Structure formats: structure tokens, C-alpha cells
Amino acid sequence: MRKILAIAGLTIRNSIRSRIFTPSVVLVLLATSAFPLILIGDGTIQGHVRVMIDYSIRVLTYSLVASTVWTAVRTSTAEIEERQMWLLITKPVTTTDIWFGKWLGVLAMNACLLFVAGTALLATVKLRFRPSKLTAQELHVLSTEILVARSTIEPDCSELQEEARQLTEAILSRPGGRTSSREATLASAQSEIEKKRNRVAPGDSREWRFHVDKTSSADRSLFVSFNISSPRQLEMKPLTVEWHAGTQQNRLLQSYRDDIFPSERNSFLLSSSISRAGKDILVEYVNAQTNPPSTVLFHDKTGVSILQNTASFESNLVRAMMIIFCQLALFAALGLTIGSLFSMPVAVFVSFAVILIFMLGGFISMTVAENNSLSYHPFPSIRWLDPFVRAEFRIFNAILAPVRHWGITANLPRGEVIPWSEVATAFAIQVVALSGLTGIVGAWLLKKRELGAPCEV
Amino acid sequence: MMKQTDLTVEVEGLTKVFRDFWMRPRIVAVDGISFKIARGEVFGLLGPNGSGKSTTLKMLLGLLYPTGGRISILGRPPQDGYARAITGYMPEESYLYKYLTARETLMFYASLFNTTAAQRTERVEQLLEMMGLQHSADRRVGEFSKGMTRKVALAQALINDPELLILDEPTSGLDPVACRQVKDLVITLAKRGKTIILASHLLADVEDICSKIAILYDGRVHVEGTVSEMLQDHKHLSITLDSVEPAVLESVLADIKRHTGRRPEVRHPAYTLEDFFVDVVARARNTEATLPAGGQHGTIASFLSHGTEDRASGSQGRRQ
């Protein structure tokens with residue numbers, strides 16, 4: 001272990017003194033302190049803060065990914081090409097010691113950068129939106145909706161499951177109905193019922209039931225969060241929504257009506273009488289968009305939920321930074337392994353390709369999910385590429401699947417909690433499993449590589 | 001006949017073929033060479049550029065994998081952890097981390113061996129003093145002259161008090177005083193039973209310090225043997241005396257002529273330019289105590305922890 005730590009220390013020293021670290025710190029400070037100051041929101045205080053945090057996290061993440069990959073590639077290839085590796089490899093150290101030492105060094109630098117970034121972002125938010133500059137209403141909105149960490153309570157779906165079970169039995173009892181397994185039929189029935197229920201026509205309504213822990217909700221604010229689509233969003237016009245909330249005893253304790261933009265996740269605060277009322281909360285949506293009439297569609301997984309304040313913004317920020325750290329650990333591992341395999345120019349090219357694929361991750365995922373095709377492309381000459389492009393996108397999508405934990409950091413600007421379980425999962429998958437595996441491959445490649453080979457041969 | 005246990009390095013049929021991208025053989029850099037190096041020997045690898053010296057050294061160090069043949073360092077392959085733990089290597093160029101100071105560099109390399117923190121600190125300080133770097137120990141290596149960088153490179157090669165020391169052009173970039181120090185150090189280490197492999201273009205260096213040499217050309221060993229055997233001129237004889245009166249000399253010469261029929265050639269033995277230079281520098285510094293070679297010799301002895309060595313006996317560069 002001492003050897004690994006010595007190599008990690010060397011990596012840190014070299015990076016700091018070779019001035020890689022200083023530009024990275026400047027970049028981080030710009031991303032988290034200067035850049036947010038020039039952003040404007042949607043006119044509301046929560047929109048402003050949300051945009052500011054969201055953009056800062058994105059810029060920070062992309063810049064750190066780039067600097068991490070560059071540092072990792074450089075620390076590996078430069079030592080091989082400048083032949084410092086000759087002295088290192090002739091000492092009693094294994095290539096595994098070297099690889100993991102360098103990886104730990106890069107991780108330690110990332111940890112420092114993320115600490116600086118987190119502190120700078122927090123300081124910027126706190127200073128920019130200090131209580132003396134806000135109205136009481138704005139302060140309340142920020143402290144209850146954005147600068148908090150709210151957990152999600154999913155609606156009770158036992159009724160839906162029961163209906164799905166009955167439908168499944170009915171299908172299976174029909175003559176010739178047993179064409180697939182019970183589980184597959186049940187999943188299909190559940191999906192069909194859910195889709196049917198999620199569609200709410202003008203004038204219609206839909207109700208959800210939530211089980212809320214009374215003791216934990218008594219002194220905390222509860223929000224109804226909803227995610228809907230409507231043809232109105234294509235026209236860039238607002239949609240009128242109407243909600244009723246109550247309990248089993250009194251279903252109409254609160255009504256809420258608003259014009260919203262359907263493409264975004266929206267929420268409203270439940271009154272304290274409901275929060276304190278009892279274990280079961282009933283929430284009903286009424287499609288009030290009748291002029292012109294417009295059907296709304298609730299999203300499958302994130303259609304409606306109740307958000308409950310469970311932790312502080314600072315705690316959530318720490319979790320977001322830890323998620324980013326896990327992501328960077330994987331990129332550092334990829335950079336080091338690429339650097340162990342290729343010479344500097346090739347390694348730089350390959351690592352930029354990796355970063356590009358990562359940045360296009362959302363697009364790739366969407367393309368695969370929507371099953372987009374080149375078969376209908378206006379230029380027939382490129383239609384034949386369709387199967388190859390589809391296969392390529394599927395491969396990239398599969399590769400990027402483990403790094404999707406990235407998306408959870410989007411909870412931070414929405415004021416939604418990033419569960420510790422997500423942090424632990426990201427750590428287990430990205431740091432331990434994937435980086436470990438990449439490290440084993442990288443160390444093996446380094447061992448197999450003839451470091452003393454003349455460059456021209 | 002050398003006993004197997006006396007052997008530090010054994011090379012048999014070593015071959016290295018460099019291949020191109022398509023794995024077609026392109027260059028035969030080393031072509032089936034064999035040699036054995038015993039404990040305490042200073043083995044010189046000589047040869048013109050491209051003769052395979054560096055490739056052979058790299059294979060001994062595990063930086064290249066042989067295409068054929070076998071290498072054994074105290075019975076182990078070069079990549080083995082034990083073989084690496086007992087080997088010191090100083091490359092032709094220094095290849096040090098230019099952002100580290102001399103002390104940090106040595107501490108880093110020391111930490112790669114199984115030593116305690118106290119041992120590491122002691123070893124590093126001894127080596128810094130031995131190399132005359134104690135006043136520059138906290139300067140970055142990137143700011144050093146080539147000679148100082150070479151000293152740091154040599155110090156890192158000695159950090160583990162190696163049983164086998166591999167030196168590639170060890171005196172390259174050093175001034176004559178430092179050159180002498182390095183050569184003296186090599187001889188001192190050999191006397192302590194350390195094995196040294198040295199590749200150099202400087203034939204005088206090799207002649208001064210190597211007990212055995214191999215001359216490589218085109219990847220093959222053309223000559224191998226002890227330096228004294230190879231260079232001895234059995235047709236002539238030289239007798240070295242302290243200066244005598246001209247009359248005594250004439251009498252001796254007359255006697256020799258009477259017995260051999262030929263009058264011998266008489267001349268004063270010459271110092272090598274290196275010896276002369278070192279003496280001039282020593283005199284300029286006016287005192288033996290402040291002369292780097294003298295001062296460092298004491299430190300070397302301390303570092304090696306086994307008494308003192310007679311520096312004069314180590315110097316073989318004086319020629320008749």
C-alpha cells in the first residue's frame with residue numbers, strides 16, 4: 001500500500017507543479033462562482049436559483065470530466081514517452097501498483113476540486129440569494145422548494161395491481177389466452193392499465209392515494225410533484241391544471257389551480273392541515289383545460305408523487321458532489337487505461353472520443369428509446385447505414401448505462417433528495433466495479449507493453 | 001570454472017527481434033548472445049551505436065521482452081520482484097521528474113523499497129551528501145545542470161544499496177572530477193562484492209574500471225574476456241622506478257644492453273589527463289578536506305558501512 005500511496009503522492013505533486021491543477025481550480029471557480037452570476041431564470045426566484053444550480057453543476061461536470069481525462073491520459077503517456085516510467089518499472093513495484101497509485105492521485109485531486117467547487121457554489125448561492133435581498137415569500141419558497149432535499153413518496157398502486165391481476169386471470173382463462181408466461185402477461189396488463197389511467201381527457205379526473213408517515217411529516221412541508229405532457233407544449237402555450245387534495249374523511253381540504261408549462265416538472269405545496277391530517281392523503285387531478293380542450297398524459301414513472309423535506313441543501317450538495325466524484329473516478333480509470341495502451345496523440349484522440357460519446361449520452365439514450373431510424377432518411381444513399389448506426393447506438397447505450405447515475409445530480413436544483421443509496425450504488429458500480437475492472441485491464445496492458453521499445457519501431 | 005552460486009547474471013542465447021506493425025521481423029537488435037557475470041565483477045558492454053548494448057541492458061531490466069533466450073538475475077527472471085529489489089539502474093539520460101526536488105526524488109524512489117521511514121531518510125541524506133548535493137537538495141531537478149541531474153540519477157540507482165548495478169553511460173555529462181568520483185565509486189562497490197554492468201562509448205572509462213568486457217557488433221558478442229588478459233602486451237616489458245641519478249641509469253641501461261643486445265627506451269610515465277585535471281582541481285581547492293572527491297570518499301565509505309577503501313588503490317588510470 002505504501003508504494004501505491006507514494007505513486008499517488010507523486011502524481012499529485014507532478015500535476016500541481018506542472019500547472020494542470022491551477023487552471024482546473026480556475027475553471028471550477030468560474031463554473032461555480034462567476035458563471036452563475038450571468039444567468040437569468042424564468043422570472044421567478046425558484047426558477048433563477050434552479051437554473052443557476054443546474055447550469056453550474058453541468059458546466060462543472062463537463063469541465064471536470066475533460067480535465068480528469070486529460071490529467072489521467074497525460075500522467076500515463078507522458079511518463080512512458082519521457083521515460084520516467086523506465087526508472088519506476090525497474091523498481092520492485094507492479095504495474096498494478098503504478099496504475100492504482102496514479103488513479104488514486106487523480107482521484108485525490110478531483111476530491112480537492114470538488115470540495116472547492118461545492119464550497120464555491122454554496123457560497124455563491126448563499127451570497128447571491130441572502131435573506132436581506134429577498135422578500136419573505138421568496139425566502140419561504142427557496143427554503144421549502146429549492147434549497148432543501150425532498151424525498152419522494154410514490155402513490156399507492158395496490159388497486160392498480162389488483163386490477164392488473166384480475167385482467168391477467170381473465171386473459172389466461174380465455175381459450176388460447178396462455179400465449180406467454182403469467183409474469184409477462186401481468187406486466188403487460190399493468191402497463192396497459194397504467195397507460196390508460198395516465199391519459200386524462202378534458203373534464204375528466206384521476207385520483208391517487210399516498211401513504212405518508214405522520215410522525216415524519218408533521219413538522220415538514222409536503223409538495224405534490226407532477227410531470228405531464230400535453231399537445232399545448234408543442235404550441236408553447238400554458239396548460240391550466242386543477243388539483244384537489246384531502247384525506248379519507250375530507251377529500252376537499254385544498255384546491256390548487258394554475259397555468260403551467262407542461263414540459264417541466266411542476267409542484268405545489270400541500271396545506272399544513274393535510275400534512276398533519278393523517279396517514280392517507282388523496283390527490284385528485286381535474287383536467288380543467290377545456291378552452292381549447294386538451295388531453296394530458298401523466299408520465300409513467302414520474303407522473304405524480306409527494307415530495308417531503310428530509311435533508312438540508314448542504315447535505316444534498318455533498319451527495320451530488322459524491323456522485324460526480326464517482327463519475328470522475330471512472331473517467332480517470334478510462335484515461336489511465338487509454339494512456340497505458342496508446343501513445344500521446346492517439347490517447348488524446350481516443351479520450352476525446354470517449355468524452356464526446358459521454359456528452360452525447362442523452363441523445364444516444366433517447367434515440368435508442370424512441371427507436372429512431374435512418375430508413376426514412378431523405379437521402380436514400382445513407383439509408384443502408386441504418387442497421388449499423390442502430391447497432392452502434394445500442395452498443396454505446398449499453399456502455400453508458402452504468403454511468404447513468406449521472407442524471408441523479410439533476411435532483412439538486414429541483415430540491416429533491418439524492419438518496420444515500422444512490423451514492424452507494426454509484427460508488428459500488430463506478431468506483432469499485434467498473435474502475436477496478438478498468439484498472440486490471442490497464443495494469444495488464446502496461447505489463448504487456450514493451451516500455452523500452454524504440455519509438456520508431 | 002565459476003561456481004553457479006557465484007553468478008549474479010547469466011544470459012544464454014539472448015535474442016531480440018523488433019517487429020513492425022504487421023508483426024513482420026524488421027530489426028534483429030540482439031542475436032543469440034551469451035555471457036555470465038560473477039559476483040563482484042565490473043562487466044563492460046562495448047560496441048558502436050546500434051550494436052545492441054542498450055537493447056541488452058533493457059532486456060536485463062525487463063523493459064523489453066526477449067524474442068528468444070534466457071536471462072537470470074540471481075536465478076530469477078528480470079521482471080521478478082526480488083530481481084528488481086536487488087537491482088539499481090542508471091539510464092543514459094536521467095529521466096527524472098523535473099518538478100520534484102532532489103530530496104523528494106530520492107525519497108520517492110526509496111519509498112518503493114521495503115524500508116522504514118527512518119532508514120529511508122538516513123539513506124537519502126547519505127546519498128545527497130555523497131553526491132555533493134546536500135546544498136541543492138531542495139531545488140527542483142528541472143533546474144539542475146546535466147551533471148547534477150546525473151548525480152541524482154546515480155543516487156536513485158544506489159538508493160537500495162543494490163547487489164547488481166546497471167549503468168548506461170554513467171559518466172556522460174559529468175565533469176572530470178565527477179567522472180573520477182563515479183569511477184571510484186564503481187570500483188569501491190565492486191570491492192564490496194557488488195556486481196556492475198556498464199555500457200559506455202568511453203573506452204578509457206571501461207578500461208579504468210571494468211574487470212571483464214564484451215564487445216558487441218551487429219547484435220553479436222565478438223570478443224569477451226578480462227580486460228587485463230585482452231590488453232596485456234606480452235612482447236614488451238616495462239619497469240617503473242623512482243627517479244635515479246643519471247649515472248645509475250646509464251649503468252643499468254648498459255647492463256641491459258649487454259645482456260639483450262638492445263638499448264631499452266626510457267621515458268617518464270605520464271599521468272592521464274583526467275588524473276592531471278583532478279590533481280589541479282585538488283590543488284586549487286588547497287586542501288584535501290574540502291576536495292569533493294576526498295570528502296565524498298569518506299561518505300561513500302560511511303554509506304557502504306564497511307570501513308574505508310584506499311582511493312589510490314581504486315585508481316587504475318595511471319599509465320606507463
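Biologist: Which residue in the turn of the hairpin formed by S8(B) and S9(B) has a positive phi?

Modeller: The residue is Asp218(B), with a positive phi of about 55°, and two residues lie between the two strands of that hairpin. This is a predicted model, in which local features need pLDDT of at least 70 and side-chain atom pairs count only at pLDDT 80 or more, whereas totals for chains, interfaces and linings use all residues. Residues are numbered from 1 along each chain as its sequence is written, while chains are lettered from A and ligands numbered from 1 in the order in which they are written. Helices (H or I, at least four residues) and strands (E, at least two) are DSSP runs, numbered from the N terminus.

Biologist: How many bridges join S8(B) to S9(B), and do they run parallel or antiparallel?

Modeller: Strands of a sheet pair through backbone hydrogen bonds, in either the parallel or the antiparallel sense. Two strands are taken to pair if DSSP finds at least two bridges between them. Strand S8 (residues 212–217) of chain B and strand S9 (residues 220–226) of chain B run antiparallel and are joined by six bridges, with Thr226(B) in S9(B) as the bridge partner of Lys212(B). S8(B) is also joined to S3(B), here by four bridges and in the parallel sense, and in this pairing Lys212(B) stands opposite Phe43(B).

Biologist: Moving on to S7(B), which residues lie on one side and which on the other?

Modeller: In a regular strand the side chains alternate between the two faces of the sheet. In S7(B), Thr195(B), Ile197(B) and Ala199(B) lie on one side, Ile196(B) and Leu198(B) lie on the other, and all are buried, which leaves both faces covered. A residue is buried if 20 or more other C-beta atoms, placed from the backbone, lie within 10 Å of its own; with 12 or fewer it is exposed, and in between it is partly exposed. Since five of the five residues of strand S7 (residues 195–199) of chain B are buried, the strand is largely enclosed by the rest of the structure. As to its pairing, S7(B) runs parallel to strand S3 (residues 42–46) of chain B over four bridges, with Ile196(B) as the partner of Val42(B). Strand S6 (residues 164–168) of chain B is parallel to S7(B) as well, over five bridges, and there Ile166(B) faces Ile197(B). For chain B as a whole, 40% of its 320 residues are buried, and the chain has 12 helices and nine strands.

Biologist: In what order do the three strands of the open sheet in chain A come?

Modeller: The order is S2-S10-S5 (chain A), with antiparallel pairing. Strand S2 (199–200) and strand S5 (228–229) of chain A stand at the edges with a single partner strand each, so one side of each has no neighbour in the sheet. Two bridges pair S2(A) with strand S10 (residues 296–298) of chain A, where Val200(A) is opposite Val296(A).

Biologist: At what angle do helix H3 and helix H11 of chain A pack?

Modeller: Axes are lines fitted to C-alpha atoms, for helices over the stretch in contact, and angles run from 0 to 180 degrees between N-to-C directions. Helix H3 (residues 45–81) and helix H11 (residues 313–341) of chain A pack at an angle of about 30°, with their axes 8 Å apart. H3(A) and H11(A) are therefore roughly parallel, given that angles under 35 degrees count as roughly parallel, over 145 as roughly antiparallel, 65 to 115 as roughly perpendicular and the rest as oblique. By class, their contact has 14 nonpolar, seven polar and no charged residues; Ala, Val, Leu, Ile, Met, Phe, Trp, Tyr, Cys and Pro count as nonpolar, Asp, Glu, Lys and Arg as charged, and the others, Gly among them, as polar.

Biologist: And at what angle do helix H3 and helix H4 of chain B pack?

Modeller: Helix H3 (residues 102–110) and helix H4 (residues 117–130) of chain B pack at about 135°, with their axes 10 Å apart, and are therefore oblique to each other. Ala102(B), Arg103(B), Leu106(B), Met107(B) and Ala110(B) in H3(B) meet Arg120(B), Arg123(B), Val124(B), Leu127(B) and Leu128(B) in H4(B), a contact with seven nonpolar, no polar and three charged residues.

Biologist: How many residues does the contact take from chain B and from chain A?

Modeller: Two residues are in contact if their C-beta atoms, placed from the backbone, lie within 7 Å. The contact takes 26 residues from chain B and 23 from chain A. On the side of chain B that touches chain A, H2(B) gives the most, with three residues, and the residues of that side divide into 18 nonpolar, five polar and three charged.
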